[in-house]
Amino acid sequence: MPTYDLDIVFDCHDPHRLASFWLTALNGYDFPGSDPDRPAGSPPAGFATWEAWADSMDMPAEARNLGRTIIDSAGRRPDIFFLAVPEDKVGKNRMHLDIKVSKGLPAERVRDCQDMEAARLVAAGATSRRRVEEADGGSHLILQDPEGNEFCVI
C-alpha cells in the first residue's frame, strides 16, 4: 500500500495574515523561498518586501493574496496551506490543531507554560476562549486564530 504525505489546509479570507499568525505560533515554519538568514516570514533574499518580490514576478495585484504556504524548515512536519475563499467560517471546527507546549514538563509548571504561550499568541492576534479542566487534573486552553479557527494549547 502506498504511503501518502499530509498537508493541512485552512480556508480563510486573508491568507497572508493567517499564514503570518501561524508562522508566529509554530516555531520552525517559514514561507518557501524565504531567506533562512532572516526572521521567519521575511521575503526572499534580494527583496525588501513581498510586494517587491511579487512585482519582480509580474504577479497581478488581484492574485497576490489568493493563497500562502508555510513549510517546516526541517522538513519533518506537514506543509500548511491558506487558501482565500469568499464564505465566512460558520460554527465550530470539526478538526483543530493542538500546540503542545508542556510536553515533558513537571505538572507544577504546565499551567504557567500554557499561560505564557497563550499570552504570546494573543499578542500575535489570537483570541483566548477558555481553560478546560480535565478529569485527570490536567488542563488545556482553547484559543482562536485571527479568523476564528479554534486550536488548543496543551
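1. **Ground rules.** This is a predicted model, in which local features need pLDDT of at least 70 and side-chain atom pairs count only at pLDDT 80 or more, while totals for chains, interfaces and linings use all residues. Residues are numbered from 1 along each chain as its sequence is written, and side-chain values use heavy atoms, with hydrogens and water left out.

2. **The sheet.** Four strands make up an open sheet, ordered S1-S4-S3-S2, with mixed pairing. Strands here are DSSP runs (E, at least two residues), helices likewise (H or I, at least four), numbered from the N terminus; two strands pair if DSSP finds at least two bridges between them. S1 and strand S2 (29-30) are at the edges with a single partner strand each, so one side of each has no neighbour in the sheet.

3. **Helix on the sheet.** H1 packs on the sheet and touches S1, S2, S3 and S4, and its direction makes about 15° with that of S3. Contact means heavy atoms within 4.5 Å; axes are lines fitted to C-alpha atoms, for helices over the stretch in contact, and angles run from 0 to 180 degrees between N-to-C directions.

4. **Strand S3 and its partners.** S3 (residues 67-72) runs antiparallel to S4, joined by four bridges. Gly67 has Leu83 of S4 as its bridge partner, and Ile70 is bridged to Ile80 in S4. S2 and S3 also run antiparallel, with two bridges; Tyr29 stands opposite Asp72 in S3. Arg68, Ile70 and Asp72 form the covered face of S3, whereas Gly67, Thr69 and Ile71 form the uncovered one.

5. Leaving out residues up to four places away in sequence, Phe82 touches Phe10, Cys12, Pro15, Leu18, Ala19, Trp22, Leu66, Gly67, Arg68 and Ile70.

6. **A look at Ile142.** This residue, Ile142, lies in strand S7 and is buried, with a relative accessible area of 13%. Buried means under 20% relative accessible area, exposed over 50%, partly exposed in between (1.4 Å probe, protein chains only). Beyond four places in sequence, Ile142 touches Ser128, Arg129, Arg130, Val132, Phe151 and Cys152.
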